[in-house]
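Here's a walk through a multi-chain model, going from a single chain out to the places where chains meet. Have the viewer open as you read.

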Protein chains: 4
Amino acid sequence: MTLAPGFIDALRASSAASPFNQWSGFEVVSCGEGTAELAMAWKAEATQHVGFLHAGVVGALIDTVCGYAAATRAGPVLTSHYSVNFMVPAVGTRFRAVGRVVRAGKRQIFTAAELYAEKDGTERLVATGEALLMPVAG
Amino acid sequence: MTLAPGFIDALRASSAASPFNQWSGFEVVSCGEGTAELAMAWKAEATQHVGFLHAGVVGALIDTVCGYAAATRAGPVLTSHYSVNFMVPAVGTRFRAVGRVVRAGKRQIFTAAELYAEKDGTERLVATGEALLMPVAG
Amino acid sequence: MTLAPGFIDALRASSAASPFNQWSGFEVVSCGEGTAELAMAWKAEATQHVGFLHAGVVGALIDTVCGYAAATRAGPVLTSHYSVNFMVPAVGTRFRAVGRVVRAGKRQIFTAAELYAEKDGTERLVATGEALLMPVAG
Amino acid sequence: MTLAPGFIDALRASSAASPFNQWSGFEVVSCGEGTAELAMAWKAEATQHVGFLHAGVVGALIDTVCGYAAATRAGPVLTSHYSVNFMVPAVGTRFRAVGRVVRAGKRQIFTAAELYAEKDGTERLVATGEALLMPVAG
């Protein structure tokens with residue numbers, strides 16, 4: 001199975017149709033067979049009380065990139081469960097989330113993702129996460 | 001141990017100092033010994049592509065209410081890990097998150113939360129979650 | 001919907017058919033509509049290197065009681081995901097796991113459980129957990 | 001930092017001191033800087049009612065290999081939280097768990113692991129998992 005040419009346009013259209021993704025400034029950077037990459041520039045309004053990227057926005061990046069990775073294998077999906085691990089404070093000028101399908105079954109898709117923060121020209125792993133998704137009957 | 005009078009003001013000040021909480025419209029409804037309650041009115045900008053409350057905003061509510069519940073026992077905390085279960089689409093005119101401490105140790109605090117959506121005058125459980133937090137050395 | 005009379009016998013038969021449950025000494029204590037309770041006597045062979053009940057056996061109790069609670073609503077199930085939180089060392093003369101369905105949908109069942117250890121006549125919460133299960137096509 | 005020569009002997013001694021690991025037949029295959037590998041031969045007594053490796057034994061392999069990987073960086077540890085994803089039935093003649101440290105901080109260590117089953121000469125990913133551990137004050 002190969003990813004249909006132009007599949008990234010479908011992901012970008014989905015993200016453009018998500019008011020929260022638009023507000024956050026999520027950009028779909030790339031996608032492949034079972035993979036996806038999302039970026040977001042630092043946004044002061046998306047922070048918590050001590051100035052780190054809000055845990056909910058971290059969760060949004062993780063869940064969204066996992067969902068897009070899953071979509072490359074299964075089309076439209078809904079999340080059943082996701083989790084996030086916070087390694088170091090999510091601070092930087094730009095964030096990059098990388099997601100991948102670990103196993104795509106007929107009834108459920110297991111995915112995982114990493115979130116990196118760019119600061120002073122170097123990238124650092126700030127969070128990891130997982131999502132379990134279900135294909136939406138088309 | 002009893003919660004200091006006015007503790008809720010400290011939580012409200014913390015939430016007021018969080019740009020994302022302010023944007024989302026989170027309100028600290030109440031808190032007690034090891035418990036907290038948060039509310040949020042429906043906000044169109046906080047939705048995903050099919051109009052449900054965005055999974056990241058659901059995560060933000062779960063993580064924040066768990067953090068506030070933990071703070072009633074341990075003061076300032078940081079999240080190490082959180083997870084969310086999505087039961088039914090998060091749609092409604094108002095959301096209410098209820099968090100509680102399951103176990104507060106010296107080095108880590110285990111919490112859990114439920115998220116309810118109000119629609120047509122009735123409330124429905126839409127998501128549950130957990131968070132594991134660490135006290136921040138004061 | 002009411003639980004069929006004798007449903008507990010089906011759970012006991014399932015547990016009797018599980019070599020690991022038999023080795024561990026799991027007993028199905030009770031079940032109800034969306035609930036189940038499991039017990040296990042202390043067993044020295046089921047411990048880890050410092051004498052606590054092994055994390056895997058804790059996981060087995062959590063997953064099994066969640067599966068039995070799910071089965072009261074959905075019949076045969078398989079686990080997609082489970083997680084365990086370790087609050088205090090799992091030490092005691094007897095363990096009791098209590099599971100409940102949080103939400104039973106057609107395609108997935110969300111459950112949660114607590115594990116208690118009995119020692120010197122008192123019971124203490126030692127772990128909590130969650131499981132996400134799928135109905136097995138009958 | 002390099003792993004002390006003979007560190008694997010410490011892990012083997014720890015596993016030998018764990019009655020459950022001994023019963024299960026866990027073997028410490030290898031370890032490195034932030035990594036560990038564990039193996040287990042098929043054992044009929046370790047199965048559930050339909051003949052798959054019991055979810056608790058899968059959890060034991062995941063948690064143990066994560067703990068050993070963490071120990072290569074932090075010495076003695078205790079698990080705060082672990083989770084397991086079940087991809088396909090855990091059936092095979094031999095199981096191999098591979099764990100790695102994702103981030104080792106002073107207060108907590110984030111780890112992840114995969115479980116493979118060998119059958120008819122080929123290996124297949126059957127489960128993945130994560131564990132969050134705390135260093136034990138030495």
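## One chain at a glance

First, a caveat: this is a predicted model. Chain A has three helices and six strands. Reading from the N terminus, the order is α-α-β-β-α-β-β-β-β. Its radius of gyration comes out at 14 Å, close to the 14 Å that the globule rule gives for 138 residues, so chain A is as compact as a globular protein of that length.

The C-alpha trace of chain A spans about 40 × 25 × 25 Å along its principal axes. Of its 138 residues, 51% count as buried. If you take the contacts in chain A with a separation of 6 or more, 65% of them come from residues 24 or more positions apart.

Which strands make up the open sheet, and in what order? There are 12 strands, and they run E1(A)-E2(A)-E4(A)-E5(A)-E6(A)-E3(A)-E3(B)-E6(B)-E5(B)-E4(B)-E2(B)-E1(B), with antiparallel pairing. The edges are strand E1 (27-32) of chain A and strand E1 (27-32) of chain B, each of which pairs on one side only. From one strand to the next, the twist averages 20°. As background, strands of a sheet pair through backbone hydrogen bonds, either parallel or antiparallel.

For a look at one pairing inside the sheet, go to strand E4 (residues 94-104) and strand E5 (residues 109-119) of chain A: 10 bridges join them, and they run antiparallel. One residue pair to click on is A:Arg96, whose bridge partner in E5(A) is A:Tyr116.

## Helices lying across the strands

Helix H1 (residues 7-16) of chain A lies across E1 and strand E2 (35-41) of chain A, and it runs at about 145° to E1(A). In chain B, helix H1 (residues 7-16) lies across E1 and strand E2 (35-41) of chain B, running at about 145° to E1(B).

## Where chain C meets chain D

Now switch to the other pair of chains. Here 27 residues of chain C are in contact with 27 residues of chain D. On the chain C side, the elements that give two or more residues are helix H2 (19-24), helix H3 (55-74) and strand E3 (77-86). E3(C) gives the most, with eight residues. By type, the chain C side divides into 12 nonpolar, 13 polar and two charged residues.

## Symmetry of the C and D pair

To put chain C on chain D, apply a rotation of 180° with 0.0 Å of shift along its axis; the RMSD is 0.0 Å. That is the relation of a two-fold axis. C:Ser83 is the residue of chain C that comes closest to the rotation axis, with its C-alpha at 2.0 Å.

Why do the copies meet through the same surface? Because 100% of the interface residues of chain C are also interface residues in chain D.

## Inside chain D

D:His81 also has a neighbour within its own chain: its bridge partner in E6(D) is D:Leu132. The strands involved, E3(D) and E6(D), run antiparallel and are joined by nine bridges. Strand E6 (residues 122-135) of chain D is mostly covered, with 10 of its 14 residues buried.

E6(D) pairs with strand E5 (residues 109-119) of chain D too, through 11 bridges and again antiparallel. Here D:Glu118 has D:Glu123 in E6(D) as its bridge partner. The hairpin of E5(D) and E6(D) has two residues between the strands, and D:Asp120 takes a positive phi near 50° in it.

## The contact between chains C and A

Chain C also touches chain A: six residues of chain C are in contact with six residues of chain A. E3 and strand E6 (122-135) of chain C each supply at least two residues of the side that touches chain A. That side divides into two nonpolar, three polar and one charged residue.

Note on methods. Residues numbered from 1 in each chain as written. Chains lettered and ligands numbered in written order. Predicted model: local features only at pLDDT ≥ 70, side-chain atom pairs only at ≥ 80, totals over all residues. Helix = DSSP H or I, 4+ residues; strand = E, 2+ residues; numbered from the N terminus. Rg over C-alpha atoms; globule rule 2.2 N^0.38 Å. Buried ≥ 20, exposed ≤ 12 C-beta atoms within 10 Å, placed from the backbone. Contact = placed C-beta atoms within 7 Å. Nonpolar A, V, L, I, M, F, W, Y, C, P; charged D, E, K, R; others polar. Pairing = 2+ DSSP bridges. Axes fitted to C-alpha atoms, helices over the stretch in contact; angles between N-to-C directions. Least-squares fit on C-alpha atoms with pLDDT ≥ 70 in both.
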